[in-house]
Amino acid sequence: MSHIDILASILKSMDKPPPVNEKQKALMKKQQEELQKRQKAEAEKLKLFRLKVEEKINKFLQDDDAKEYKFPVMDKIHRGIVYDVAEVANVLAYSFGEEGYDRYSIIFKREYAPSEDHLVALHNGEEWNEEVAKRLKEERERKAKEETEYSKSKKRKENFVPNNYYKDKYQHLIGKEAALEAARKTEASSSYGCVPSENKKDQRSIEQTLADIRAKKRKLETNNEASNCSDNSTK
């Protein structure tokens, strides 16, 4: 038996879906017609809304004194239509507020484009005025100053080179010449460390050194003999 015959046998053995009666067919047809009707009505509403937005934006553009226009709170679909019409009309559009709660759109003429501080205020839910503008400007300048100072401080730390020389380290206190002289007198020595090395050197000649050693030895022997005599007399 071929694979095709096996597949045909399996399909024949499977239960067929229950037949749809006339009543069910009529119900499904009615539901489909209602869905199409609602979709058509929604499309007509959106089309009407777009016409109203176009009318408002055209009126806004014809008003020489108008700089911005605020639309009421609306959902994402309707805001999308506002953005689409604004782009066609060559005006700027922004949205503010919380989605699903109080989000709205504002359009601006390009010659009156909002500043960065203006947008920050609107995003914060503040009304744009001179007082808010002044405060945000001061905050922005202060933040920029802090960032500049931090950058300079970081750069100074990266480029810092410690004073490794005595004369460089103390010349601001005792003067450059005095520091240089002190550095000469206090040169580093592998034998004695950073102390005046001349004070640690033995200035005696070899003969004098040997004579001093012999004298110390004789003195030590004399002291020992005198100590032994004292002990014997005591006994």
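**Note on a helix, a sheet and a helix pair**

1. Helix 3 lies across strand 2 and strand 3, at about 10° to strand 3. Contact means heavy atoms within 4.5 Å. Helices (H or I, at least four residues) and strands (E, at least two) are DSSP runs, numbered from the N terminus. Angles run from 0 to 180 degrees between N-to-C directions, with axes fitted to C-alpha atoms, for helices over the stretch in contact.

2. This is a predicted model, where local features need pLDDT of at least 70 and side-chain atom pairs pLDDT 80 or more, while totals for chains, interfaces and linings use all residues. Residues are numbered from 1 along each chain as its sequence is written, and side-chain values use heavy atoms, without hydrogens and water.

3. The open sheet has 3 strands in the order 1-3-2, with antiparallel pairing; two strands pair if DSSP finds at least two bridges between them. Strand 1 (68-70) and strand 2 (92-96) are the edge strands. Between strand 1 and strand 3 (residues 104-108) there are 3 bridges, and K70 has I106 as its bridge partner in strand 3.

4. A polar atom of the R79 side chain lies 3.0 Å from the backbone oxygen of M74.

5. Helix 4 (residues 116-123) and helix 5 (residues 130-158) have axes that come within 10 Å and cross at roughly 110°. Helix 4 is therefore roughly perpendicular to helix 5 (65 to 115 degrees).

Methods. Parallel < 35°, antiparallel > 145°, perpendicular 65-115°, else oblique. Polar contact = N/O pair within 3.5 Å; in protein donor to acceptor, adjacent residues only side chain to side chain.
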